[in-house]
Amino acid sequence: MRLFQSVNKWIEERTGLEAAVAPVLGHQVPRSTASWWYVFGSATLALFVLQVATGICLALVYVPSADKAYESLLYLNYVAPLGWFLRAVHFWGSNAMVAVMTLHMIQVFLFGAHKYPREMTWVAGVFLFLCTLGMAFTGQILRWDQDAYWGLGIAASIAARAPVIGETVVHVLLGGPIIAGRTLTRFFAVHVFLVPGILIALVGLHLWLVLRLGINEWPMPGRLVDRQTYRQRYEEEVHQDGVPFFPTAARKDMVAAGVVMLVVVLCAGVFGPYGPQGVPDPTLIDTAPKPDFYFLALFALFALLPPWTETTLLLIGPPLAIAVLFLVPFVAGTGEKSWKRRPVAVLSVLLIVLIVTTLAWLGVIVPWSPRMQAWSAAPTPVQYVRGRTPLQLQGALVLQNKQCRNCHSIDGEGGKRGPALDGVATRMTSDQLVRQVLQGGGNMPAYGKNLSPAEVNALVAFMETLRSADERPARAAVTPRPPVR
Amino acid sequence: MCPDHDAPPASPASRRGFLFKLGVGLNVLGAALVGIPVIGYIFAPARRLGGQSWIKLGSVDAYPAGQTRLASYENPYRVEWDGASSKVACWVRRIEGNQFQVFAVNCAHLGCPVRWFPQSKLFMCPCHGGVYYEDGSRASGPPPRGLYEYEYEVRNGQLWVRGGQLPTLAGPV
């Protein structure tokens, strides 16, 4: 113990680190900020440290070369001791970082922490948020599997919609004319050097601003932010009812950071690493690429937007959303801080959260994607062939063989792109069915050229049986006759 | 060695001024020289590296008339470590004789790979459900246009296509 003290004294005499850091750690903060609501920022920082640590270890093994990346991931998963665990922690840590950072953002917004004088803290935070999403996307690319390859194709297709510079942007993004070796090294450099460097600088700025301006006090309804008086009142509050950040306020931060980290470790241990999925060979086209969860909402939006609005909304939407985020503290920089008196703020948060989670959920169940194997994998249910005439049975075969079920389900099996065909006979007459099959329309291709008249006959004969016994078949609408006197 | 107080009384200001300017100048020069490759490395791909070239898809006999088959080629603009990723797949439709249509596999909506179903003579995209007819024209779904089509030529019984970049709305093949 004596030895430890003397070593410590020796180092302190020469570095002065303790003298420099202790007042920073122990600086006074309002007692109200020692709350469980204020733990998300430090938890995000803890996750960032976790990502850096696991990322460095992964980079020791990962080969950022298009012909070897996939193998090195398999090596990590199955050969390198605990390589699977490192990959899993990095994957679940990235998910957790996006999630906890989002919670942090929502919390500071609802607590009015973006208002005077902390506008720049918010701005730095928005940059941090964007950089983190950038890390999430580039990290997904380093997984160099089919999802990464086709995900890049999607990113390129979006970028290409920019007027005039579209093609140039695509080439700069991909590092060449196609998705290949140069693309991977480019994304590796961005993911491992460029964005982390920016992130570390921004974290420094963000923390410096928190220290300089103090942690946002618990907002009291009716206590308005005024540029003339705010800082003085904050100083008074800290002076009268302050506690040292460390250890008083930091205790809850430490617990939260520990819990979040253990949850990540638990997820990593239980669920393991994610991917890599199929080998990144562009000639293997039997694949249905899907983004990681943070981009599912965007993925869903592309399916649901009417095609003619797509390019405009793609080009205007994201920059507009980002601009709004940046402008929040400048539009609403003073006044009421408490969420209890900011209905618009609360409703906006609720609306955005609802929209994003709904879209993400749709992105999970993808009702708009055809089920490419349904036509050959999902059998016609027995109750739909029992007691049918030979013509109708031929029709059932046509329905199966012409891939109808890739988009239309029967008895719950098949695609959800088009309407389910159970009960179609109650909705459409045989004439209407013939017309729909031949001409298509309403998101259905026209089968006119691809079906013989006999096939159409059989198909419609079968579809006319698709109703339950107690339902009446559809009838053509007729002009009502005037009542006979 | 040569501390400031050795200098004559009039000169330190001008000498310090000169040294300051020299310092700024040398650093600007250095930054400019290093900046050329730095900017170049980041933005070089903007110059459309590689460009379009004619690529052989093999003998026309590999493609029976009236059928559509998956073919693939090596992108000519490649590096040693591309692995499989420099391979590009395309759909070759032989109408009859030397009449062909060669389509990129990439959906015109967001670039996912479309699949050919010979039974219904349709291309279907697994991502957002875009559908195309056998001649590549748009049938339904979100794609804003038909499939991207390669320019092709038949020379000495070999099928050639002109390609070399990922087809997008901004730069079709």
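Q: Which residues does Pro381(A) touch, not counting residues up to four places away in sequence?
A: Two residues are in contact if their C-beta atoms, placed from the backbone, lie within 7 Å. Leaving out residues up to four places away in sequence, Pro381(A) touches Ile410(A) and Asp411(A). Please keep in mind that this is a predicted model: local features need pLDDT of at least 70, side-chain atom pairs count only at pLDDT 80 or more, and totals for chains, interfaces and linings use all residues. Residues are numbered from 1 along each chain as its sequence is written, while chains are lettered from A and ligands numbered from 1 in the order in which they are written.

Q: Where is Pro381(A) found?
A: Helices (H or I, at least four residues) and strands (E, at least two) are DSSP runs, numbered from the N terminus. Pro381(A) is in the loop between helix H15 (374–377) and helix H16 (390–401) of chain A.

Q: Why is Pro381(A) classed as partly exposed?
A: A residue is buried if 20 or more other C-beta atoms lie within 10 Å of its own, exposed if 12 or fewer, and partly exposed in between, with C-beta atoms placed from the backbone. Pro381(A) has 14 other C-beta atoms within 10 Å, so it is partly exposed. As for distance, 73 Å separate the C-alpha atoms of Pro381(A) and Arg233(A), which are 148 residues apart along the chain.

Q: What domains is chain A divided into?
A: Domain bounds come from an automatic or database domain assignment. For chain A they are domain 1 (22–365) and domain 2 (374–463), with C-alpha centres 46 Å apart. Chain B has domain 1 (4–45) and domain 2 (53–163), and there the centres, taken over C-alpha atoms, are separated by 56 Å.

Q: Which residues touch the most other members of the largest nonpolar core?
A: In soluble globular proteins, nonpolar side chains tend to be buried together. A nonpolar core is a set of buried Ala, Val, Leu, Ile, Met, Phe, Trp, Tyr and Cys residues joined through C-beta atoms within 7 Å. In the largest one, of 104 residues, Leu47(A) and Cys90(B) touch the most other members. Helix H5(A) gives the largest share of this core, 12 residues. Apart from it lies another core, of 20 residues, including Ile410(A), Leu421(A), Leu433(A) and Leu459(A). Back at Leu47(A), the contacts beyond four places in sequence are Gly93(A), Ala96(A), Met97(A), Val100(A) and Val260(A).

Q: Which residues of helix H4 of chain A are buried?
A: An α-helix has 3.6 residues a turn, so residues three or four places apart point the same way. In H4 (residues 69–78) of chain A, the buried residues are Ala69(A), Tyr70(A), Ser72(A), Leu73(A) and Leu76(A). They fall within an arc of 165° seen down the axis of H4(A), so they line one face of the helix; the arc is that of the directions from the helix axis to the C-beta atoms. Their cover includes helix H3 (40–61), helix H5 (83–110) and helix H9 (181–213) of chain A.

Q: What order do the six strands of the open sheet in chain B have?
A: Strands of a sheet pair through backbone hydrogen bonds, either parallel or antiparallel. Two strands pair if DSSP finds at least two bridges between them. Here the order is S1-S10-S9-S4-S3-S2 (chain B), with antiparallel pairing. Strand S1 (53–59) and strand S2 (67–74) of chain B are the edges, each pairing on one side only.

Q: How many bridges pair S2(B) with strand S3 of chain B?
A: Eight bridges pair S2(B) with S3 (residues 87–96) of chain B in the antiparallel sense, and Arg69(B) stands opposite Val92(B). Six bridges pair S1(B) with S10(B), where Ser59(B) has Gln158(B) as its bridge partner.

Q: How many residues lie between S9(B) and S10(B) in their hairpin?
A: Two residues lie between them, and Asn156(B) in the turn has a positive phi of about 50°. Strand S9(B) pairs with strand S10 (residues 158–163) of chain B over five bridges. Tyr152(B) has Val161(B) as its bridge partner, and Glu151(B) stands opposite Arg162(B).

Q: Which strands form the open sheet of four strands in chain B?
A: That antiparallel sheet runs in the order S5-S6-S7-S8 (chain B). Its edge strands are S5 (115–117) and S8 (138–140) of chain B. Two bridges join strand S7 (residues 131–133) of chain B to S8(B), with Val131(B) opposite Ser140(B).
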